[in-house]
Amino acid sequence: MSTKTPTSLLTQLRNNKDEGWERLKILYGKLILYWCAQKSVPEADREDIFQNVMISVVNGFAHFEKTETGHTFRGWLRNITQNRIADFYRNKGERPHEVPFLLDNNLEWSATSISEEENEEEQRLLTHQVMKLIARHYEGKEKLWELLQLSIRGEITSEQASQELGMTPSAFRQQKSRLVHSIREEFGELFQ
């Protein structure tokens, strides 16, 4: 799986669209809190760091550019988060030798600068958030949403799902096709 951010989200952010900023919070908020936990930030302080990260992103987004292969929005966001966490520890009077990552002057914002295990966990968190965003479009159609997810994961066939919904297999496949197309359009770079 690729670690790229959906271009449509970046376009929305560049155009300063409220929807883009809301999607950013939903897609990456849990990831920012996860990074805080990974750096042993007390739970009570994580939301403050999240807010500081968001302020930094708003103020610095105009300068975000993928100038080199491997540079990603997620990596850039991770770098901002690490810097806000470092600020947090410095403001508490922590010394670099007490917080080892403060000694790391090579904070890359490339997806290749993290372990495969970290990448998989980050990808899992993002995928979960993507599914939450998509689920909003299925309010009032929860059973359809549940069966579409099961079908996409290969846990049930279109025939089984359509039977449970009382529709033809062709109609269900059309719903599934629309969903997959929508996911690719909106979030394709996350799933390549």
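**Exercise 1. Overall fold**

State how many helices and strands the protein has, and give their pattern along the sequence.

*Solution.* Step 1: The protein contains 8 helices and 0 strands. Here helices (H or I, at least four residues) and strands (E, at least two) are DSSP runs, numbered from the N terminus. Step 2: Along the sequence, the pattern reads α-α-α-α-α-α-α-α. Step 3: The model is predicted, with local features requiring pLDDT of at least 70 and side-chain atom pairs counting only at pLDDT 80 or more, whereas totals for chains, interfaces and linings use all residues. Residues are numbered from 1 along each chain as its sequence is written, and side-chain values use heavy atoms, with hydrogens and water left out.

**Exercise 2. Burial and the nonpolar core**

Determine what percentage of the residues count as buried, and identify which members of the largest nonpolar core touch the most other members.

*Solution.* Step 1: A residue is buried when its relative accessible area is under 20%, exposed when it is over 50%, and partly exposed in between (1.4 Å probe, protein chains only). By this rule, 43% of the 192 residues of the protein count as buried. Step 2: A nonpolar core is a set of buried Ala, Val, Leu, Ile, Met, Phe, Trp, Tyr and Cys residues joined through side-chain atoms within 4.5 Å. In soluble globular proteins, nonpolar side chains tend to be buried together. Step 3: The largest nonpolar core has 45 residues, of which Leu24, Tyr28, Val57, Phe61, Phe73, Leu77 and Ile134 touch the most other members. Step 4: Two or more residues of this core come from each of H1, H2, H3, helix H4 (73-91), H5, H6 and helix H8 (169-191). The most, 10 residues, are given by H2. Step 5: Phe73 belongs to helix H4 and counts as buried because its relative accessibility is 0%. Between Phe73 and Phe61 there are 12 residues in sequence and 9.9 Å in space, C-alpha to C-alpha.

**Exercise 3. Salt bridges**

Give the number of salt bridges, then examine the pairs formed by Arg78, Arg90 and Glu164.

*Solution.* Step 1: A salt bridge is a side-chain nitrogen of Lys or Arg within 4 Å of a carboxyl oxygen of Asp or Glu. The count is 10 salt bridges. Step 2: Arg78 pairs with Glu122, with the closest N and O atoms 3.0 Å apart. Arg78 is in helix H4 and Glu122 in helix H5, so this pair ties together parts that are 44 residues apart in sequence. Both Arg78 and Glu122 are buried. A network of salt bridges links Arg74, Arg78 and Glu122. Step 3: Arg90 pairs with Asp87, where the closest N and O atoms are 3.4 Å apart. Both residues lie in helix H4, 3 residues apart, about one turn of the helix. An α-helix has 3.6 residues a turn, so residues three or four places apart point the same way. Arg90 is partly exposed at 48% relative accessibility, and Asp87 is partly exposed at 28%. Step 4: Glu164 and Lys143 meet in a salt bridge of 2.7 Å, N to O. This pair links distant parts of the chain, as Glu164 lies in helix H7 (residues 158-165) and Lys143 in helix H6, 21 residues apart. Glu164 is partly exposed at 49%, and Lys143 is partly exposed at 35%.

**Exercise 4. Positive phi angles**

Describe where Asn16 and Ser40 lie and whether each is buried or exposed.

*Solution.* Step 1: Asn16 lies in the loop between helix H1 (7-14) and helix H2 (18-38). Its phi is positive, about 55°, although Asn16 is not a glycine. Asn16 is exposed because its relative accessible area is 54%. Step 2: Ser40 is placed in the loop between H2 and helix H3 (43-60). Ser40 has a positive phi of about 60° and is likewise not a glycine. With a relative accessible area of 56%, Ser40 is exposed. Step 3: Just after H6, Gly154 also takes a positive phi, of about 80°.
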